[in-house]
Structures are given as structure tokens and as C-alpha cells.
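Please read it alongside the sequence and the structure.

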Amino acid sequence: MEITQGLIKVGIFGSEALVLGECANELHQAGYVLNFSSSVKSRGESDDDIFVVGMSEFSNADNLALWKNTAAPFLISGIDSLPHNLAVLDAMNSAVGYIRSAPTLTEILLNLRLGLHWHSERSSHSKRINNIESKIDNNRIIGIAVGVLMNNYGESEQYVFDALKAISRNKQRRISSVAQEIITKHNEYELTQKSSSLETWLANNITVKKR
């Protein structure tokens with residue numbers, strides 16, 4: 001998550017997290033503003049940058065499921081009072097840090113900073129993985145489309161690929177999108193050798209990007 005200029009908003013949930021209120025002024029001077037809430041449901045309506053959640057919040061099954069599955073960064077407060085509960089231990093895997101029941105200001109600041117940094121790194125890593133998987137899938141689709149057209153027109157791989165790049169520019173479409181349309185049409189009806197050129201077939205059969 002990229003934090004905008006200004007104060008970093010910290011959502012506070014649960015009795016164990018109330019200890020942060022004792023140093024609210026010092027945290028404000030360090031760039032953090034605390035937003036206290038009695039209802040975890042309001043988290044979905046919040047624009048807080050990070051949350052601090054007391055262990056008592058996990059005694060409720062609905063709250064436990066919500067925090068376990070959230071994409072938002074949160075710290076667990078009162079970690080030294082952790083109950084022997086496998087469900088709570090599982091939810092901890094989603095947390096970006098932990099705070100003791102009686103933390104010092106330095107500990108709070110350190111955990112907030114590290115938590116935000118860890119969340120940013122985790123989000124970036126996830127995006128990189130998704131981008132890599134997307135590129136691999138797109139390359140596979142393009143490769144299939146090139147093979148289909150090579151088989152039907154007897155042209156070389158480079159010739160067909162250049163034709164795909166040209167039609168994607170002309171139709172204002174991504175080349176992977178054009179390739180997917182070719183595959184779809186090939187699955188709907190068997191493409192046969194055309195008397196017209198490959199370029200003519202592409203121009204007549206590939207749709208323009210919708211506005």
C-alpha cells in the first residue's frame with residue numbers, strides 16, 4: 001500500500017489495543033493519527049492505512065474470519081496473552097506485526113513502520129507473481145494463435161507474428177486479445193485455407209477495440 005503524504009491513519013480495535021491511546025500525542029507528532037472503533041464491521045468503511053487489533057477481537061468467530069481473510073495490513077496487540085487456539089494462530093499468519101500488552105512508544109513506532117513496510121513488500125511481491133503468471137498465459141495464447149495461422153496460411157512464424165502485431169495496432173487491441181479472438185474463432189469453426197492473404201483475413205475478422 002502506498003501511503004500518501006500526511007498523517008498515517010491507524011484503526012484501533014479491541015481492548016488490548018487501547019494502550020496505544022496512552023501515547024496518542026507522541027504518535028501524532030511522529031506522523032500517526034489513531035482512530036478508535038468499537039465495531040470491527042466499520043473496518044470495511046474505513047480509509048485507515050493500518051490497523052491494530054486486540055487479541056480479544058479474535059474471540060468472535062466472525063471477527064476472526066474477517067481479519068484472517070483481509071487484504072488490509074494489521075498488527076495484533078496483546079500478543080503475550082495469546083490463547084492456545086489453533087484458529088487464532090492461523091489468523092496470525094495474515095498479520096504484519098505484533099505488539100505486547102504493555103509496549104513502549106519505541107516498540108509501537110517500530111512495529112507500525114515495519115508493518116507498513118512488510119505489507120508494501122508483500123503486496124509488491126504478489127503483484128509481481130500475478131504479472132509473471134499473466135505474461136506466461138498471454139505468451140501461451142499468442143503461441144497457439146500463431147501456430148493456427150501458420151498451419152492455415154503456410155507462412156513462417158515471424159511473418160505471422162509480425163502480422164499479429166500490425167493488426168493489434170490497427171484494431172487498437174493488445175496482441176494477446178487478438179490472439180484469443182483467433183483461437184475462439186478457430187474453436188467455433190475450423191479455419192480453412194483462404195484465397196485472400198493472411199493480412200486480409202485478419203483485417204476482416206478481428207474486431208476493433210470497443211470504446
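Leaving aside its neighbours within four places in sequence, which residues is N138 in contact with? N138 is in contact with R174 and S176, where contact means heavy atoms within 4.5 Å. This is a predicted model, in which local features need pLDDT of at least 70 and side-chain atom pairs pLDDT 80 or more, while totals for chains, interfaces and linings use all residues. Residues are numbered from 1 along each chain as its sequence is written, and side-chain values use heavy atoms, with hydrogens and water left out.

N138 lies in helix α4 (residues 105-153). Helices (H or I, at least four residues) and strands (E, at least two) are DSSP runs, numbered from the N terminus. With a relative accessible area of 16%, N138 is buried (under 20%; exposed is over 50%, partly exposed in between; 1.4 Å probe, protein chains only).

Helices α5 and α7 have axes that come within 10 Å and cross at roughly 35 degrees. Axes are lines fitted to C-alpha atoms, for helices over the stretch in contact, with angles from 0 to 180 degrees between N-to-C directions.

| Helix | Residues | Contact residues |
|---|---|---|
| α5 | 157-170 | Y159, V160, A163, L164, I167 |
| α7 | 198-205 | L198, E199, L202, A203 |

The residues of this contact divide into eight nonpolar, no polar and one charged.

The open sheet has five strands in the order β2-β1-β3-β4-β5, with parallel pairing; strands pair if DSSP finds at least two bridges between them. Its edge strands are β2 (32-36) and β5 (97-99). Strand β1 (residues 8-13) runs parallel to β2 and is joined to β2 by five bridges.

How values were computed. Nonpolar A, V, L, I, M, F, W, Y, C, P; charged D, E, K, R; others polar.
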